[in-house]
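Work through the exercises below with the sequence and the model at hand. Each task is followed by a solution in steps.

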Amino acid sequence: MAAISNPVPGGSRNSAGLVPPEPVEPVTSGQAPGGAGAAEPGPRGSGLGLLSRFRPGRGVVMAIPYGWLLLFFLIPFLIVLKISLSEAQLAIPPFTPLTETLAEEGRTVITLFWDNYRRLTGDDLYIIAYLNSLWIAFVSTIFCLLIGYPVAYAIAKADPRWRAPLLMLIILPFWTSFLIRVYAWIGILSDTGLLNNFLMMLGIIDSPLRILYTPTATYIGITYSYLPFMILPLYATLEKMDNTLLEAAADLGCPPWKAFLTITLPLSIPGMLAGSLLVFIPATGEFVIPELLGGPDTLMIGRVLWSEFFNNRDWPVASAVAIALLLFLVVPIMLFQNVQGRQQEAGRG
Amino acid sequence: MAMPPPTAAASPSRTAAKTTLEPWRDPQAKPYVRVEKVTKKFGDFTAVDDVSLSIYRGEFFSLLGGSGSGKTTLLRMLAGFEQPTEGRIFIDGVDMSGVPPYERPVNMMFQSYALFPHMTVEGNIAFGLHQDKVPKAEIQDRVREVLELVQLAQFGKRKPHQLSGGQRQRVALARALVKRPKILLLDEPLGALDKKLREQTQFELVNIQEKVGITFVIVTHDQEEAMTMSSRIAVMNRGYIAQVGTPTEIYEYPNNRFVAEFIGSVNTFSGRVIESAQDHSLVRSEEAGCDLYISHPSHIATGTPCWVAVRPEKVTISKDQPMGGEPGRNQTQGVVKEIAYLGDVSIYDVELDSGKRVRVTAPNVTRRTEMPITWEDRVHLSWRPFAGSVLTE
Amino acid sequence: MPKSWFLRIGLVTGLLFLYLPILLLVILSFNANRSVAVWSGFSFHWYRELFNDQQLLSAAWLSVQVAFVSATFAVVLGTLAGLMLARFGAFRGRALFSGMVSAPLVMPEVILGLSLLLLFVSLEQLTGWPEGRGMLTIILSHITFTMAFVTVVVQSRLVSMDASLEEAAMDLGARPAKVFFVITLPIIAPAIVSGWLLAFTLSLDDLVITSFVSGPGSTTLPQVVFSSVRLGLSPKINALATIVVAIVAVGIIIAGIYNARQERMRQLDEKMAAQG
Ligand SMILES: Nc1ncnc2c1ncn2[C@@H]1O[C@H](COP(=O)(O)OP(=O)(O)OP(=O)(O)O)[C@@H](O)[C@H]1O
Ligand SMILES: [Mg+2]
């Protein structure tokens, strides 16, 4: 399964895999989070919808979460969209209203201010930041895969008694603060940090390597923070895999390394895909890690949005960046998952 | 496998009930449950197809059918978990359309038992009585009474996961019984038990039903189970009812091929009706190699293609020409191709001259004087006029 | 442990990678020296400093309050949302609803933060509520993004729960509301507790969304940590990290003991059931 079912976005919310008994299960459950496909009624839908059919208060039950999400999730996006089309001004709030009532004519005029989007495409900064985010997320995803695969495979192959504790060890760091774990790397990577001291002590280098405040530190930070999101779905796929397949291969004269390459690896592609999406999406929008570990040159789109908003106080451009990010990253991925979820449904049925 | 016909010994209690009370034969009797032209569709799939049924007070009524034939769906409509797409259901004269499950005078025993894991056995059983606001003292009495009935008196304080499968099954039964519903619905109540426990429980269930006098409607896909326990059986196939009748009727006089083949094993010969009279029918069959005389009317017009079913245990096999009977009627010849020795009986697979294979079950009574029948022997097969029945598609 | 050497090395490397940085913080928190590379003796100095930092302590207190309130509300809303998705079949607007519920799971935080802030600003302009930004807006935002996680946890528990339990209760005469409170809720209680803990940690840890929606008078712990860490090393934070790790460790140990006891009880029950 490649659909993300328990995807966890943006940096500091990493603790999503926290509930010890649960994290693997939701990942394998194959429900696409986006859209209609999510959690259709059970196998035959027996009895589902029953509670509702005879429930007089059903409307009330539905109104509360529905209303909440409309107010605090959907409407905000419409507002972002609206503000992305208005012009920045030095005022509170720092943008022009879209509608204007012309006093002399008494009618309302809507002025859509497309300049914010023109700036996004006109100024290299935004395009570079966007591409850079994709590249950094991509590289970090590869690192997660390289480190995570052996770990997941080792746990899947471990004695069943060991599996739960080992998984626990993978999840455990999430209960500690994300911010603090990123911070730990400052001490390791800085010029006078542990790593440089260690390498100089061994005589491998004579002058400290500059790692902190470079893109390299960002790769390390993202890989470190998101590694468990790669391991958990990978483990779920590898653990389910039929051991007799490998035995059959061995029986047919296939050496273990070849069996791994021709059987295990291809069969674990869904897990790799799921893990990669879990790492890639939130990493693209990451703000904290490049801010703390990357230098000023590590441009990522999340940082650009942040500085447009907090430093330049240009809300309309920040909104336009958000809309663009949504359009180019989140929406395609949700659609992709939706399609994939459907395919899985079809494959199963 | 040959299925012995349900003898009186197999269901002692049933026969007693049957002779004293057969309300379905009485046109005046008022049915307790009436299912009227009920159809249930899921999307464009028809799970239950135009079903009409009458079930009488005190019956032990079985819904029998293969997987996916719509038994559970029909039961769930009786319980109120599904609403019929078309048609209506009456229970004790009251139209049940739109009546939610919690207001119906029926209770259900679930296949998974559905015992509440966070309540004790007593808590589970008392649950329904609490909903009815029964006084505390009475609840206690009734719970104790029903626990004794299912022989679980000392298990009241346990949680469901502290019970064995058979005990859980009885708790589920007790929980549904204690509310004294007008009808008790049971969805494969014995499905989760092992074979031995299942057979034992079948009798228990029948005894309990007789003691409490509640009408039981039970779903099963096990024909032997249905035969042993039921007053009547409705055989379901792809959503419609193929036949309703007592176990004997269903076994002895199936009226279509599906029922004949579903219940026990059967030989069917295709043919054409050549005589259709008040007291008998005559069918000519190339396949059988003889005319088939059936001593009851078929109500099928002469010339119509049909099938004749003959149960394997009704066929006599011998090496000599059988005595009596009319040659060319219910007598044919073939070659023994397979023999399966089962201890008390043997099964013979005989190939007729037409190439049709016929299965014969014969008791192994050794006759010293006779050479035993072996492979490739040419044998005579014959059966009595009342053995066959005429089937339509 | 797996048999192959290669896998063992891979596993150990992965675990070291995950744990060394945390271990390092714990060790450094007792270092008398400021530097990472020089150990100049064991000391509680940084802990003393931590507990004298009024700003940090009050931020921590605010964070705990915010996390407690938002986790509690998120659990209520998330349970209702999970119930809708798992039990209400195909209601009108279901696609939109399940999209809205799960979107925060994939949405970059900067976008969520920005959109919530713009909402609060616009609302205030229109209705005068919420007045300014502070604890209230932080809580509202945290409820919104954590309820998605609670929904996932509760929904997956509901889907795996035997629906015939609810049918049985209804069959025995319980009305739907009663079925929910007497049967469904007790059975999914563990998932609700996990959901609450999850929401609590997520809220306690959130920096980005909070930064957008917090006001001048309301600074949460992650914001204080972030601003001191942004400037480089800050040994107080090591002490804070160590305390967090200690709390988590104690929690895990308690949970472990509890689980072991449950397991023993379960085995006992099984024996009992087998004996009849
Ligand atoms: N809620 C539902 N939605 C869609 N199809 C359903 C639903 N419930 C039942 N069906 C379909 O209706 C048909 C009849 O199902 P039902 O459960 O009544 O069969 P059954 O006779 O009880 O079979 P079994 O012996 O396997 O339990 C099946 O094909 C099933 O897939
Ligand atoms: Mg069924």
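Predicted model: local features only at pLDDT ≥ 70, side-chain atom pairs only at ≥ 80, totals over all residues.

**Exercise 1. Confidence**

Task: State the mean pLDDT of chain C and the ipTM and pTM of the model.

Solution: 
- Step 1. Chain C has a mean pLDDT of 90.
- Step 2. In chain C, 99% of the residues reach 70 or more.
- Step 3. For the model, ipTM is 0.90 and pTM is 0.83.

**Exercise 2. Annotated spans in chain C**

Task: Find where UniProt places the feature "transmembrane region" in chain C, then describe residues 135–158 and residues 237–258.

Solution: 
- Step 1. The unreviewed UniProt entry places the feature at residues 61–83, 95–123, 135–158, 179–202 and 237–258 of chain C.
- Step 2. Residues 135–158 of chain C are 100% helix and 0% strand, with the end C-alpha atoms 33 Å apart.
- Step 3. Residues 237–258 of chain C are likewise 100% helix and 0% strand, and their end C-alpha atoms lie 31 Å apart.

**Exercise 3. Cysteines of chain B**

Task: How many disulfides does the structure hold over all chains, and are B:C290 and B:C306 buried or exposed?

Solution: 
- Step 1. Over all chains there are 0 disulfides.
- Step 2. For B:C290, the nearest cysteine sulfur belongs to B:C306 and is 13 Å away. A disulfide needs the two sulfur atoms within 2.5 Å, and B:C290 is in none.
- Step 3. For B:C306, the nearest cysteine sulfur is in turn that of B:C290, and B:C306 is in no disulfide either.
- Step 4. Buried means under 20% relative accessible area. B:C290 has 5% relative accessibility, so B:C290 counts as buried.
- Step 5. B:C306 has 2% relative accessibility, so B:C306 counts as buried.

Terms used
Residues numbered from 1 in each chain as written. Chains lettered and ligands numbered in written order. Heavy atoms only, no water. UniProt positions renumbered as here; feature names shortened; annotations may be inferred. Helix = DSSP H or I, 4+ residues; strand = E, 2+ residues; numbered from the N terminus. Buried < 20%, exposed > 50% of the residue type's maximum accessible area, 1.4 Å probe, protein only. pLDDT = per-residue confidence, 0-100.
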